[in-house]
Amino acid sequence: MVVTDLAGGVARAGLRRVVKMPHVPTVPEGRTLDLPGRGRTYLVDVPGPSPDAPTVVLLHALGCTAYLTWYPVLNELAKSYRVISFDQRWHGRGIRSRRFRLDDCADDAVAVLDELGLESAVFAGYSMGGLVAQLVAHRHPTRVTGLVLCATARNFRGKRREKLFFPVMTLAMHPLSRYALQRVERLAEALPSSPNLDASTPAFGKAEFRSTSAWSMPEVLGELGRFNSAPWIGEIRCPTAVVITDNDHAIPASRQRKLAQSIEGAEAFEVHGGHLTLVLHTDAWREALVKALTSVMQRPARAA
């Protein structure tokens with residue numbers, strides 16, 4: 001499995017580490033969803049315990065898919081919520097576009113709500129998905145009833161080497177962007193319409209990981225380097241929880257805590273482990289996520 005070091009300044013998409021994926025007997029089946037004027041994506045929509053159960057939208061991490069980030073918690077969350085997730089742009093079976101922009105990802109998430117006839121939802125994002133969740137709340141505040149931000153930050157350009165790395169990545173990538181998009185599209189067109197749903201074998205994780213082209217990474221990393229919510233994150237009014245991975249070398253815990261401190265009333269939940277805690281220590285991670293969601297659901301929005 002590839003681990004991308006976002007905060008260390010190297011952002012190496014080729015750093016390889018063998019990770020034993022959690023065993024899950026069944027994975028809910030998804031479907032292709034057309035978003036008018038935007039494109040199509042692969043949607044996972046798991047019913048809750050009742051028709052009026054609150055909705056949670058899960059936004060996945062860099063280089064992953066809806067399944068690859070969230071499959072270990074889908075069944076548990078569905079005991080209390082309607083759970084929605086989808087492949088984001090340039091990832092898996094997500095929308096292919098001329099460029100990758102986080103603003104577009106945020107607008108895609110709201111377009112998913114529109115297509116499903118939903119007025120609002122709680123948005124939970126992991127790593128890159130946490131950036132998208134912040135943008136959804138910033139760009140579409142009336143559509144967000146709560147935020148759960150996991151292993152993420154306000155920006156990735158605090159250190160000198162990061163300030164150098166991301167602009168260099170963007171400049172190096174620009175002449176290759178058309179070729180990169182062609183490679184991303186070529187892989188996407190070769191994918192079967194539905195992924196393998198047998199999560200009991202290593203083949204599941206490998207197939208989901210390989211469904212995202214490595215050629216998407218420089219483009220996406222360049223966009224992540226431009227993201228900075230520090231000027232506006234304090235304006236967020238919806239109930240918020242931040243799940244902090246306390247030994248994270250990709251996004252240091254100090255940055256995750258600064259994110260929590262920047263949002264008035266945000267509650268922090270710490271999990272011992274690194275950026276892959278959600279697969280290396282799934283039980284502890286799941287417990288923290290459930291507590292964070294419960295906290296958000298029980299709190300009213302702050303007055304503007």
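H4 has 12 residues and reaches 17 Å from its first C-alpha to its last, close to the 16 Å expected at 1.5 Å a residue. The model on display is a predicted one.

**Stop 1: helix H4.** Select residues 128–139, which form H4. This helix is mostly covered, with 10 of its 12 residues buried. The buried positions are Met128, Gly129, Gly130, Leu131, Val132, Ala133, Gln134, Leu135, Val136 and Ala137. Which elements cover them?

**Stop 2: helix H3.** Next, select residues 102–115 to bring up H3. This helix has 14 residues, and its span from first to last C-alpha is 20 Å, close to the 20 Å expected at 1.5 Å a residue. H3 is also mostly covered, since 10 of its 14 residues are buried, as the accessibility of each residue shows. Coloured by burial, Leu102, Cys105, Ala106, Asp107, Asp108, Ala109, Val110, Ala111, Val112 and Leu113 stand out as the buried residues of H3. Just beyond the end of H3, select Gly117, where phi is positive at about 70°.

**Stop 3: where H3 meets H4.** Keep both helices in view. How do H3 and H4 pack, and at what angle? Their axes are 8 Å apart and the packing angle is about 70°. An angle of 65 to 115 degrees counts as roughly perpendicular, and H3 and H4 are therefore roughly perpendicular to each other. The crossing of H3 past H4 is right-handed. To display the contact, show the side chains of Leu102, Asp103, Cys105, Ala106, Asp107, Ala109 and Val110 on H3, together with Met128, Leu131, Val132, Leu135, Val136 and Arg139 on H4. Sorted by class, this contact has 10 nonpolar and three charged residues, with no polar ones.

**Stop 4: Arg101.** Step back to the loop between strand S4 (82–86) and H3, and select Arg101 there. Is Arg101 buried or partly exposed? Its relative accessibility is 27%, so Arg101 counts as partly exposed. Leaving aside residues up to four places away in sequence, Arg101 touches Glu219, Glu223 and Arg226. A distance drawn between the C-alpha atoms of Arg101 and Arg226 reads 10.0 Å, although the two are 125 residues apart in sequence.

**Stop 5: Asp45.** Now select strand S2 (residues 39–46), and within this strand Asp45. Asp45 has 23% relative accessibility and so counts as partly exposed. Which residues does Asp45 touch, apart from those up to four places away in sequence? They are Arg82, Val83, Ile84 and Leu116.

**Stop 6: the whole chain.** Finally, zoom out and colour by secondary structure. The chain contains 11 helices and eight strands. Of its 304 residues, 57% are buried. Among contacts between residues at least 6 apart in sequence, 77% join residues at least 24 apart.

Methods:
Residues are numbered from 1 along each chain as its sequence is written. This is a predicted model: local features need pLDDT of at least 70, side-chain atom pairs count only at pLDDT 80 or more; totals for chains, interfaces and linings use all residues. Side-chain values use heavy atoms; hydrogens and water are left out. Axes are lines fitted to C-alpha atoms, for helices over the stretch in contact, and angles run from 0 to 180 degrees between N-to-C directions. Helices (H or I, at least four residues) and strands (E, at least two) are DSSP runs, numbered from the N terminus. Angles under 35 degrees count as roughly parallel, over 145 as roughly antiparallel, 65 to 115 as roughly perpendicular and the rest as oblique. A crossing is left-handed if the near helix is turned anticlockwise from the far one by less than a right angle, and right-handed if clockwise. Contact means heavy atoms within 4.5 Å. Ala, Val, Leu, Ile, Met, Phe, Trp, Tyr, Cys and Pro count as nonpolar, Asp, Glu, Lys and Arg as charged, and the others, Gly among them, as polar. The expected span of a helix is 1.5 Å times one less than its number of residues. Buried means under 20% relative accessible area, exposed over 50%, partly exposed in between (1.4 Å probe, protein chains only).
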